[in-house]
Amino acid sequence: MAKRLEIGLKPQLNDPAGSGLYAKARAYLGLALEQVRVLRVLTFDTKLDDTELERVRSEIFTNPVTEMSSFEPLADKALPGFDWALWVGYKPGVKDNEGATAIEAMADALGHRFGEDEAVYSSRLYLIKAPKLTREGAEAISRELLANDLIQLWRVIPAEDWDPDQGIGVVIPRVELAHTPSVKSLAIGSDVELLALSAQRDLFLNPADVPVIRAYFNDPEVRAQRQKVGLGDPTDVELEYVSQARSDHCNHNTFGGRFHYQDLVSGERKVVANLFKETIKEPTEKLAAAKDWVVSVLWDNAGVAKLDDTHNYVITGETHNSPSNMEAYGGAITGIVGVYRDPMGTGKGSKLVAGLWGYCVAPRDYDGELTPALHPRRLLDGIIEGVRDGGNKSGIPTASGLLHFDPQYLGKCLVFVSAVGVIPAEINGEPTEDKTTEPGQLVIMCGGRVGADGIHGVTASSAGYSENTPAGHVQIGDPYTQKKMHDFLLEARDAGLVPYLTDNGGGGLSSSVGESARFSPGAEVDLKKVPLKYEGLDPWQIWVSESQERMTVAVEPDDEAAFMDLADKHQVEATVIGRFTGDGKLRLDHGDEVCCYVDVEFLEEGFPQWEFEALWTPPEARGLSEPVISPPKDFNGLVLDLLDSPNLCSREWINRQYDHEVQGTSLLKPFCGRGQDTPAEASVILPVLTSPVGLAMAQVIAPEYGIIDTKAMVQASIDEAYRRLVAVGGDPEQVGGVDNFCWPSIIYHPVNNPDGRYKAAQLVRACWGLKEACEALEIPLLSGKDSMYVDGTLAARYGASQRVSGPCTMMFTATAPVPDLGALQSLEPKLAGDYVYCLGVTSNELGGSALYGLWDQVGLNAPLADFAATRALGAAVHQGLKGGMVASAAVVSRGGLAITLARMVLASRLGLEVDLDCLEVGGQVSGMQRLFSESQGRMLVTVPSKRCNEFEDLLEDVPWARMGRVVRGRELTVGYEGRQVLELGETQMRRAWQRRFGRMV
């Protein structure tokens, strides 16, 4: 018999969860509540008797000091006289991490093995005292703050309808599919017929691919081979497989496309035969061949580079935009644990050592007329919580991140997640970056089970968001299960039991087995052997489901017993589902029925290259120009408003939720300075505690420059990321990059996407900028990712709908070893009396700047990078840090010198006195331009007076100016043309900088 256990804090104790809902109801919905208490509910659908249930209640689920619990309703004890009871639980089939963990804990405590039909389900009961709250208000709280209809059930019960004996009753969200699994043959007699199937099944097939698919399945030789195994027309399994593999998300068709570029003003025409090959692959391969520290790029789940003499580091970056846009928490946690599996599945498997994040959303206080899937405020809160739980509960430090607001992200948000791992260079005398599958090896799936969640994830991510976007691809990640699998696979790797492994990410088994089979070549899998969360799934669902926490591993038959013993030791489910063959075929069975029989090379050959027209209109021809703005009379107020602006103000409220200390490796933390509250230029960790080499990591996005020219945007981002690594002690000769492109659709349609050809030109120019920057700074791209279709169709006034395309965005992540930990440095000045140097040239480059943003202007003069100058600066600063001459180093970026100087004062709690007349400038540059220009290639450093001459000797190839000194008072004082133009105290600046989100820390 099912039993319900309710658990809550004792009434005399403060309830943080209740207080959080109290605050959100007021801030989000304007609803005044008097009091809120929250009860955790666990519903046991088990065969335990009353004695066993009482034991787990008291020994496992209740803290007797702080909590009360009962199998009877607790509402009247938790909050006597409540007015509303709001219950929220998961829908059937949604991953319930708390429930899964509960049943594991019970199994350990009782020594009891639970059957597959037994489970524990978690939910929450919110008790609200608010006599004036209406049903409409209570439903708004449930719908807008507590539940997401995609994954959760909720009920609103007024006090007068409350049954004190039954409470919320017993709700069992068990999946019961009244369905007999089957394989369907699908006739595709014409292109029109196949396109209709694509629309019906959410396959998102490209019309150009349709004739190739039909030609393959109609090929007489192919049909003859298929008839021998009992197949004729393609099955639903095969068409789903093809759609997953050919999706833009998996196959990168846009970046592999042919672009016909034309400058509409100059008439210049160029054909880019393959955007990826010409701008990413070829430059990276050339650089990798010349850099002995580059170990593996462009083919595995992540890139591999040398850390020290015996270890390599592994890095990759991903996005999880589409699912996060619909279900923020689930999408974000799935994104972070999903990207963690990429280093786990790189080479023979790496240990995870860091996670990074980046969020691009519409303004948190958006109150416009469009209706997004989730309000930006709720969206951002959910994303933050998802990445928090995914990282903190995985035992992986969240090293740093960034947040950017722009109204154009209302259509679809961006959720960047990156992961860093470390791996021995060799194990058992073999290079760990090498892996392959061989005929005869077993195909083993380990980790979580397969359900209907996560179906069509990659195909849905290959299209814009609309009300018709399928919700089935939304998942909930389980960091606890993944942590166990992580530790298990590392031990199996070290025992020599893992010749090959990869993760089950986009496309699930269809991707992991489909790609692995290309090495053997060939594989056969029995889908009936795949462990399921519940019965009733069709074979095609099993094959393409993206249910989380799964890896596919190749194991030699002789090692099967040892591998399974280790799996049992770590309590990780591992199942042999097939074997690799050498016949060049991918064969899938479902018991006795063949459901797929295709050549493994089919998806690599014969498909047409996507083609795009790319029409570029230079910014001047688009009407962009420099705004006419007179020099401000109140520079103080201007700087304070910049510090308070959404994209420059403090992010402490996010960072404080993330654990960057777990594993004990952080050297330079997300915060630096005397108060440990100022963002560092980059994070530095010690990935191997016994190694003398650290690893620096930095991330940059600059979408505002892309409004003018995406080439300038990308180059500025790379230039800044490079300088950030140098500023903290990273080796400028060992900088690796990760490019993550997020772009609105470039597929031209005269009605639905009339500016598609311009956005295609923006993508081409961005990639040209990437190539030039990486070649000039000698940065090989260790990894990268593209996520297209950053578009949304949102409900508007009068029953209309409106398309909103996101800004062209590229996040650049840069890494570099810190071989000399003595050179590690932070941005805050250390001692009064030290001199302040500005390195680099300041020009009239305010286009896309934070300053212009205050006036809702864009401008024309986007910052242009001089990579030769930046390399010279990097070499000089690196030598200065190694020689102990540089006491602090800060990168001049958004907000220009004004904000960089302010950050240095905030971090050091010392003062700075500087003179803008001393700057090295390019051309005629006014005081306002000197203070707020965002020219690239610049850094501010402080140097002790006795080391100045020595430091200046390093600057032979670097423009520089000794522009001021560090002083004891906590004030920033700036002079220009003989007068003081800026004087701000540290307290004033801190108040402005923390005002917007400070209360949320």
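Helices (H or I, at least four residues) and strands (E, at least two) are DSSP runs, numbered from the N terminus. The model is predicted: local features need pLDDT of at least 70, side-chain atom pairs count only at pLDDT 80 or more, and totals for chains, interfaces and linings use all residues. Residues are numbered from 1 along each chain as its sequence is written, and side-chain values use heavy atoms, with hydrogens and water left out.

**View A. The largest cavity and its lining.** Strand E13 gives the most to this lining, with five residues. A cavity here is a set of points, on a 1 Å grid over the protein atoms alone, where a 1.4 Å probe fits but cannot get out; lining residues have an atom within 4 Å of a point. Grid points are joined across faces, edges and corners, and a volume is the space filled by probe spheres set on the points. Searching the whole structure gives seven cavities of 30 Å³ or more. Two or more lining residues come from each of strand E13 (398–405), strand E29 (694–700), helix H23 (710–727) and helix H27 (896–908). By class, the lining holds 16 nonpolar, ten polar and eight charged residues. For this count, Ala, Val, Leu, Ile, Met, Phe, Trp, Tyr, Cys and Pro are nonpolar, Asp, Glu, Lys and Arg are charged, and the others, Gly among them, are polar.

**View B. Ser-400 in strand E13.** Ser-400 is part of strand E13. Is Ser-400 buried or exposed? Its relative accessibility is 13%, so Ser-400 counts as buried. Buried means under 20% relative accessible area, exposed over 50%, and partly exposed in between (1.4 Å probe, protein chains only). Contact means heavy atoms within 4.5 Å. Beyond its neighbours within four places in sequence, Ser-400 is in contact with Gly-355, Leu-356, Trp-357, Ser-683 and Gln-699.

**View C. The largest nonpolar core.** A nonpolar core is a set of buried Ala, Val, Leu, Ile, Met, Phe, Trp, Tyr and Cys residues joined through side-chain atoms within 4.5 Å. The largest one has 121 residues, of which Phe-259, Ile-718, Leu-763 and Phe-932 touch the most other members. Helix H24 (residues 756–777) supplies the largest share of this core, twelve residues. Another core, of 50 residues, lies apart from it; among its members are Ala-332, Ala-492, Leu-497 and Tyr-658. In soluble globular proteins, nonpolar side chains tend to be buried together.

**View D. Phe-932 and Leu-854.** Leaving aside neighbours within four places in sequence, Phe-932 contacts Phe-635, Leu-638, Val-639, Leu-642, Leu-846, Leu-851, Gly-895, Gly-896 and Ala-898. Leu-854 sits in helix H25 (residues 850–854). At 34% relative accessibility, Leu-854 counts as partly exposed. Not counting residues up to four places away in sequence, Leu-854 touches Leu-638, Asp-641 and Leu-642. Leu-854 and Arg-903 are 49 residues apart along the chain, and 19 Å separates their C-alpha atoms.

**View E. Helix H4 and what covers it.** Helix H4 (residues 97–110) has 14 residues. From first C-alpha to last, H4 reaches 20 Å, close to the 20 Å expected at 1.5 Å a residue. The expected span is 1.5 Å times one less than the number of residues. Which residues of H4 are buried? They are Asn-97, Gly-99, Ala-102, Ile-103, Met-106 and Leu-110. Their cover includes strand E2 (35–45), helix H2 (50–59), strand E5 (119–129) and helix H16 (479–494). Gly-111 follows H4, with a positive phi near 65°.

View F. The peptide bond from Ser-520 to Pro-521 is cis, with omega near -10°. Pro-521 is placed in the loop between helix H17 (509–516) and strand E19 (523–526). Glu-549 has a positive phi near 60° and is not a glycine. Glu-549 belongs to the loop between helix H18 (539–544) and strand E20 (550–555), and is buried at a relative accessible area of 3%. Gln-676, also not a glycine, has a positive phi near 50°. Its loop runs between strand E26 (671–672) and strand E27 (678–679). Gln-676 is partly exposed, with a relative accessible area of 33%.

Notes: On a 1 Å grid over the protein atoms alone, a cavity is a set of points where a 1.4 Å probe fits but cannot get out, and a pocket is an open set with protein on both sides within 12 Å along at least five of seven lines; lining residues have an atom within 4 Å of a point.
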